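Trainee: I am new to this structure and would like to learn how to read helix packing. Could you walk me through it?

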Amino acid sequence: METKMWTVDKNVDNLKTYPQIIEAARKLRSNEVVAFPTETVYGLGGNAKSDDAVLKIFEAKGRPGDNPLIVHISDREQVHSFIKAVPEKAKSLMDAFWPGPLTIILEQKSGALSEKATAGLQTVAVRMPDHPVALALIEASGLPLAAPSANLSGKPSPTTAAHVADDLTGRIAGIVDGGATGVGVESTVIDCTAEVPVILRPGGVTREQLEEVIGEVSVDPALKDADQAPKAPGMKYRHYAPNAPFYLVNGTSAQIQQLVQEKRNEGLKVGVMTTLENKDFYDANVVIACGERSKLETVAGALYDTLRAFNREDLDIIYGEVFPEHGVGQAVMNRLSKASGLPIIDK
Ligand code: TXA
Ligand code: MG
């Protein structure tokens with residue numbers, strides 16, 4: 001399949017009238033699948049009402065069919081066509097964070113969406129992205145768009161159109177290139193079907209920000225306990241994995257450098273994932289700085305590009321620094337732990 005690349009400037013007015021957006025929207029209306037930027041990561045969109053389109057999404061990504069998709073909208077009124085009722089707390093969250101990196105799980109009206117999009121569940125995850133290209137495309141298509149991250153299953157989520165092209169060229173109808181995304185980690189997923197809403201996936205909106213608006217929220221215990229089944233089916237898969245064993249180390253730079261040296265003495269090629277502040281400290285085969293530790297949002301923004309960069313290197317082992325688990329640090333550490341899949345080395 002030919003994969004078209006449509007380049008658009010996200011800053012122009014009236015994007016939905018641009019020929020690139022109109023052509024991409026036409027593909028979506030004929031149940032083809034198209035990748036597009038959001039403020040978090042690129043999504044792979046398809047008509048959420050069509051089994052045919054949704055199957056193409058799963059096929060292109062190699063995604064397991066039991067992992068439901070997020071439905072993206074451009075206008076709040078759209079929720080009423082497929083959501084039973086919007087509880088008060090969900091309303092407050094929409095007021096405060098939409099458009100934005102918050103996905104809300106609600107009970108769906110049966111028959112309104114493809115059952116394949118929601119993996120047969122009674123609930124549906126919905127979000128309004130804060131990105132002019134995403135909003136223009138959804139509006140021009142006139143459809144709710146089911147869209148997972150536009151990567152091959154298991155790979156890091158894409159934060160540029162080039163990442164999408166690396167993974168999905170030849171597998172999808174097109175890519176709308178609107179530049180690099182901003183937040184860099186996926187949306188926060190919150191289940192609002194319970195009285196006390198539950199965070200199923202930490203992301204661009206922090207727990208602290210949510211609690212400021214609706215009071216107490218809980219966090220799915222499975223996020224911390226590997227023996228429990230996560231409530232978001234997608235959270236059970238290992239994700240974002242670099243090609244070499246990737247160890248997170250809770251220790252000083254000197255302690256990490258000592259580990260690096262031991263492995264180099266054994267003749268291994270060693271990588272270190274650090275931040276700008278510490279980059280010059282390390283002596284390893286490959287040292288990559290992922291943003292600035294003092295500004296955790298820059299670490300989130302650069303995270304997946306950094307993981308992809310390690311995959312272009314031929315390394316035997318990678319060590320990574322850990323980050324404080326407050327604010328967006330929760331999402332960063334969640335993704336890093338998934339990328340590692342190994343116990344943290346505690347120094
Ligand atoms: O930032 C984002 O959320 C990006 C952009 C493209 O919007 N999308 C994204 O989608 O990350 P995806 O498919 O990679 O992750 C969706 C997560 C999965 O863990 C999935 O299992 C969970 O949301 N999910 C979706 N619907 C659900 C439901 N009804 N109940 C529980 N979890 C659900
Ligand atoms: Mg994903």
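Mentor: Contact means heavy atoms within 4.5 Å, and helices (H or I, at least four residues) are DSSP runs numbered from the N terminus. This is a predicted model, where local features need pLDDT of at least 70, side-chain atom pairs count only at pLDDT 80 or more, and totals for chains, interfaces and linings use all residues. Residues are numbered from 1 along each chain as its sequence is written, and side-chain values use heavy atoms, with hydrogens and water left out.

Trainee: Which residues of H3 and H6 meet?

Mentor: From H3, Lys 89, Ser 92, Leu 93, Ala 96 and Phe 97 meet Gln 209, Leu 210, Val 213 and Ile 214 of H6. By class, this contact of H3 with H6 has 6 nonpolar (Ala, Val, Leu, Ile, Met, Phe, Trp, Tyr, Cys and Pro), 1 charged (Asp, Glu, Lys and Arg) and 2 polar residues (the others, Gly among them).

Trainee: At what angle do H3 and H6 pack?

Mentor: Two packed helices are described by the angle between their axes and the distance between the axes. Axes are lines fitted to C-alpha atoms, for helices over the stretch in contact, and angles run from 0 to 180 degrees between N-to-C directions. H3 (residues 88–97) and H6 (residues 207–214) pack at about 120°, with axes 9 Å apart.

Trainee: And how do H8 and H9 cross?

Mentor: The axes of H8 (residues 296–311) and H9 (residues 329–340) cross at roughly 20° and come within 9 Å. That makes H8 roughly parallel (an angle under 35 degrees) to H9. Among the contact residues are Leu 303 and Tyr 304 of H8, and Arg 335 and Leu 336 of H9.

How values were computed:
Chains are lettered from A and ligands numbered from 1 in the order in which they are written. Helices (H or I, at least four residues) and strands (E, at least two) are DSSP runs, numbered from the N terminus. Angles under 35 degrees count as roughly parallel, over 145 as roughly antiparallel, 65 to 115 as roughly perpendicular and the rest as oblique.
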